[in-house]
Amino acid sequence: MVKTKKVLHSFRYTGDVTGAKLARPVFFRSFMLAENVQSELHSHPFIQFHYAREGSLYISVENNSYIIPACYGLWIPAFMPHQVQTASEVMLENLDIDPDYYAATGFKAELKLVTVSDFARSFIHHATQTIPEFYDADGKEGRLVSTLIDVLNDLPAAGFAMTWPTAPALLEMCQVISESPDLPHLMEEWAERIGMSPRTFSRHFIKETGITFSNWKQRHRLLHSIILLRQSRSVTEIALMLGYGSTSAYTYAFRQLFGVSPSRYEATPPPPNAILYD
């Protein structure tokens, strides 16, 4: 596959970090991130539309973990702390949006994962490649940017959020599970390592995440499998990589959660909130 050209932009702020302003109402960033890199927990004084044209991201925000394959985007309100990690080499095409400008459009800034249509995907790419930092906000470029914001706000919601525990021991455990989804990670073993009885462990985990430990592991595996599907891996290969006993077991679990088989997932995205609740 031909590598996308690396394009780097720099910010030009006026004022201090807290009251920083973008040079124009919308700023486009396009750059490549290496595989397995992670940012510090941070926030911005502007709204972000996080989107990966190529590759897949994990974004942790408000105790939720969003797994974002290409063709999905995440709206992050201003000053909302978040952390970004790459699951593969990623080509980002982000939009940073002035909160006052966004409010004037009539839309409410909220945390939301959306499915990016082919049209929006092409529109974002065109804008990141052609709109200069100091574009004419009152001219043709400004009208183009305004139309793009309308298009992005009309994108349908997608249900990919997973709640992560906040208790340090449980959070560390989930991070280990996230890095090795192919291992069994038995509840009894983790309860002993953390120093809890299985019953206490189970009760605490449900209180922290809203679902059982077994369901959390299953959902994380299946969400991770979406990234592997996007990498054109076969269903059999994914089943083995994620520790399923057979291809049919993986396909059955995937269908139970998303309503379609892995082979049909690309053509039929899951309904909104498909994985948010038991």
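**Figure 1. Lining of the largest pocket in the predicted model.** In this predicted model, strand β6 (82-86) gives the most to the lining of the largest pocket, with five residues. Other elements that each supply at least two residues of this lining include the strands β2 (47-54), β3 (56-61), β4 (64-69) and β7 (90-97), together with the helices α4 (168-179) and α7. The space in the largest pocket comes to about 1,200 Å³, and 47 residues line the pocket, those closest to its centre being S56, Y58, Q85, T86 and A87.

Figure 2. S56, which lies in strand β3, is one of the residues closest to the centre of the largest pocket. Its relative accessibility is 2%, so S56 counts as buried. Once the neighbours within four places in sequence are left aside, S56 is in contact with I68, P69, A70, T86, A87, S88, V90 and I227. Of these contacts, I227 is 171 residues away from S56 in sequence, yet the two C-alpha atoms are 6.4 Å apart in space.

**Figure 3. The aromatic pair of F119 and F123 within helix α2.** Eleven aromatic pairs are found when the whole structure is searched, and one of them, formed by F119 and F123, is edge-to-face, with 5.7 Å from centre to centre and 65° between the planes. Both residues belong to helix α2 (residues 118-130), where they are four residues apart, about one turn of the helix.

Figure 4. Because F205 lies in helix α6 (residues 198-209) and W216 in helix α7 (residues 213-230), the pair ties together parts that are eleven residues apart in sequence. F205 and W216 are both buried. Ring pairs also link these two residues with W164, F201 and F213 into a cluster.

**Figure 5. Arginine side chains over aromatic rings.** R193 lies over the face of W190, at 3.9 Å from the centre of the ring.

**Figure 6. The fold as a whole and the confidence of the prediction.** The protein has ten helices and nine strands, and 46% of its 278 residues count as buried. Among the contacts with a separation of 6 or more, 73% are accounted for by residues 24 or more positions apart. The mean pLDDT of the protein is 83, and 87% of the residues reach 70 or more. Over residues 1-19 the pLDDT is below 50, although in the model this stretch has 36 contacts beyond near neighbours in sequence. Over residues 270-278 the pLDDT is likewise below 50, and that stretch has 26 contacts in the model beyond near neighbours in sequence.

Key: Residues are numbered from 1 along each chain as its sequence is written. This is a predicted model: local features need pLDDT of at least 70, side-chain atom pairs count only at pLDDT 80 or more; totals for chains, interfaces and linings use all residues. Side-chain values use heavy atoms; hydrogens and water are left out. pLDDT is the predictor's confidence in each residue, from 0 to 100. Contact means heavy atoms within 4.5 Å. Rings of Phe, Tyr and Trp (its six-membered ring) pair if their centres lie within 6.5 Å; planes under 30 degrees apart count as stacked, over 60 as edge-to-face and the rest as tilted. Buried means under 20% relative accessible area, exposed over 50%, partly exposed in between (1.4 Å probe, protein chains only). A charge sits over a ring if NZ of Lys or CZ of Arg is within 6 Å of the ring centre and within 35 degrees of the ring normal. On a 1 Å grid over the protein atoms alone, a cavity is a set of points where a 1.4 Å probe fits but cannot get out, and a pocket is an open set with protein on both sides within 12 Å along at least five of seven lines; lining residues have an atom within 4 Å of a point. Grid points are joined across faces, edges and corners, and a volume is the space filled by probe spheres set on the points.
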